[in-house]
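Here is a friendly briefing to read alongside the model. Have your viewer open and follow the topics in order.

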Amino acid sequence: MTSSLHQRSRWRRTVQTTVSGMVTASWLMLQMLTALPPAIAQSEAEDELFSYGEFLKSVDAGQVEQVNLDPERGIAEVIFKGDDEDTEPRQVQLFAGDGRNPDLIQRLRQEGVAVEVASAGNGGAIAWVATNTLLIFVLVFGLLLILRRSAGSAGGAMSFGKSRARFQMEAKTGVTFAEVAGIEEAKEELQEVVTFLKKPEKFTAIGAKIPRGVLLIGPPGTGKTLLAKAIAGEAAVPFFSISGSEFVEMFVGVGASRVRDLFKKAKENAPCIVFIDEIDAVGRQRGTGIGGGNDEREQTLNQLLTEMDGFEGNSGIIIIAATNRVDVLDQALLRPGRFDRQIMVDPPDAKGRLEILQVHARNKKLDEAVSLDVIARRTPGFTGADLANLLNEAAILTARRRKEAITMAEVDAAVDRVIAGMEGIPLVDSKSKRLIAYHEVGHAIVGTLVKDHNPVQKVTLIPRGQAQGLTWFTPDDDQTLISRSQILAMIMGLLGGRAAEDVIFGQAEVTTGASSDLQRVTSLARQMVTRFGMSDLGPLSLEGAQEEVFLGRNWLNRSEYSEEIGSSIDAQVHAIVDRCYGQAKQIMLENRLVIDRLVDLLVEKETLDGDEFRQIVSEYTAIPQKTLVKTGS
Ligand code: ADP
Ligand code: ZN
């Protein structure tokens, strides 16, 4: 059987090369299929048959130890005395019927030769065929895999209609809230979702409707997936996940059928969590693009909406979606009964970073000299994923340097690495960090000290999108009419950032950071004059109603009034802005001490919440009672 052995090893070699590509694989398939029958034939033909006569002679000479008769193939395998186990038996072609020839058997018995009648002698060949069948299976399987991969969307075409499940399901995520750190607000809000899943009776008993969808909004790596998994883990329910980009296929209908499949499975496994990552890939505003891909996306989105609407009462399915681009989402997704809960998942501040580092340091060996607090301070702008990555890089470096425990040297090197791999440079430069802090505190202090301004909710130096820092004000959501003094307060608050830069650093140092503030200021002031009749020009409407009032989109067509009126509008706008700017600057000058202290604190902590902020301000000056205070938060 040497040749067949040879064959086998050649095939084995070829199997190893299949991975190299689909073309090779299909070529091989062809080779195998055509080569298979001749290969068998060949292996028989080339076996060293010896003649029946020689066989009988050896038997007579007492050289034969055992004969295996194979009646079906008409072959006898002859094992000679002294053959060791590895020696392939020699084969003899028997004459027809000899397989059961009693004469032959008797003769063999007489000579003391062991006789076995079966096709056992064929074992080698069977094994050979079996092995190769297995190889073919492996090949075919590999080929299918390659096809699925390389064809990508064609994979959808293959399973057209009834789509293959592209979603993942984890029966138990094993993630708990303890593993999620630094995003406390989001965690608290989501705690309730766990209760929905665990004890729906608590809510349904009093007629409360359980929310269907929760939208997590935040940049990549802030722990949105982790949060969703933690909810499933805490509630001990299965976790289904799919990425929005998976829905978007080349062929119309595939995405939609995938959504159907996903929800079918989810319903079978309710209560459960369905997590849709990158929902913006499928949930973009409809009708905003061209081409087939767009049709497909719309169908998928429509299917998603249909499925969400189709849950009756409490179906036990809660859909959690994640995105960084809530602004591009189709409004239909945000309607009540769909993703009406929106939770911000922001990059962590210094304290949050420390907590995240603590979570990820649990299973790592750290040198005593390593201070997580110091690392947290040195990593502004890092997300949870960056921090996890940071500690992991440090651990790898430590192993490479054959050290026992991670030291500050490895941490430093890892910080450099992670920063190099991040887009956008986080705030490490302390001068610009201070400048941004003054800008934000400027907004916030005006917001706090001007009576008609909404109260400060939070001031932060955590960058988001284009903005390097942000000041949030608690909106007053049941207000439909806005007074003149409120608009002026808004303008003053918006100018607070620039005013602070101006007062603290001087005219020469003011930055471009205020550009979007100024845009909104101009738009507000202009509307006061042209739409709301709130200027010395009197109650005139000089512009048709425009779309959103306060979004700063309101670029004007100046054709509706004379040039003369046009220039007095400009003068009025100027006057309003000048007056407000003067007042904002005045506030900066009068409150320099507390501003400096707030800036120090903000640079250190990166985030100050409204109550904290007001507490400090109140130590220096009286805060006017807000007319529209809701919760201070
Ligand atoms: P996202 O879904 O927001 O892009 P992930 O949840 O996938 O981010 O985060 C990736 C990894 O980063 C997580 O598996 C976890 O190890 C780490 N991570 C991110 N955020 C946090 C956090 N807040 N607390 C602890 N670990 C975090
Ligand atoms: Zn600003």
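Ala-236 is found in the loop between α9 and β8, where helices (H or I, at least four residues) and strands (E, at least two) are DSSP runs numbered from the N terminus. Ala-236 has a positive phi of about 55° although it is not a glycine. This is a predicted model, in which local features need pLDDT of at least 70, side-chain atom pairs count only at pLDDT 80 or more, and totals for chains, interfaces and linings use all residues. Residues are numbered from 1 along each chain as its sequence is written, chains are lettered from A and ligands numbered from 1 in the order in which they are written, and side-chain values use heavy atoms, with hydrogens and water left out.

**Backbone features**

- Most residues other than glycine have a negative phi, and most peptide bonds are trans.
- Ala-270 and Pro-271 are joined by a cis peptide bond, with omega about -5°.
- Pro-271 sits in the loop that runs between α11 (254–268) and β9.

**Around ligand 1**

- Ligand 1 is surrounded by 15 residues, counting a residue as near if one of its heavy atoms lies within 4 Å.
- The closest of these are Ala-181, Gly-221, Lys-224, Thr-225 and His-360.
- The shell has seven nonpolar, six polar and two charged residues; Ala, Val, Leu, Ile, Met, Phe, Trp, Tyr, Cys and Pro count as nonpolar, Asp, Glu, Lys and Arg as charged, and the others, Gly among them, as polar.
- At least two shell residues come from each of α9 (224–235), α14 (350–361) and α16 (384–400), and α9 gives the largest share, three residues.
- Domain 2 (166–344) and domain 3 (350–420) each provide at least three residues of the shell, with bounds from an automatic or database domain assignment.

- A polar contact here is a pair of N or O atoms within 3.5 Å.
- An N or O atom in the side chain of Thr-225 is 2.4 Å from an oxygen atom of ligand 1.
- For Lys-224, a polar side-chain atom lies 2.8 Å from an oxygen atom of the ligand.
- Thr-222 takes part through a polar backbone atom, 3.3 Å from an oxygen atom of ligand 1.
- Taken alone, ligand 1 exposes 560 Å², and the protein buries 79% of that; accessible areas come from the Shrake-Rupley method with a 1.4 Å probe.

**The six-stranded sheet**

- Six strands make an open sheet with mixed pairing, in the order β6-β8-β9-β10-β7-β11; two strands pair if DSSP finds at least two bridges between them.
- At the edges are β6 (168–170) and β11 (341–344), each pairing on one side only.
- Neighbouring strands of this sheet are turned by 20° against each other on average, direction ignored; axes are lines fitted to C-alpha atoms, and angles run from 0 to 180 degrees between N-to-C directions.
- Five bridges link β8 (residues 239–243) to β9 (residues 272–277) in the parallel sense, and Phe-239 stands opposite Ile-273 in β9.

**The three-stranded sheet**

- A second open sheet has three strands in the order β13-β12-β14, with antiparallel pairing.
- Because β13 (470–473) and β14 (607–609) stand at the edges with a single partner strand each, one side of each is left without a neighbour in the sheet.
- The twist averages 10° from one strand to the next.
- Strand β12 (residues 456–460) pairs with β14 over three bridges in the antiparallel sense, and Lys-458 stands opposite Asp-609 in β14.

Definitions and conventions. Polar contact = N/O pair within 3.5 Å; in protein donor to acceptor, adjacent residues only side chain to side chain.
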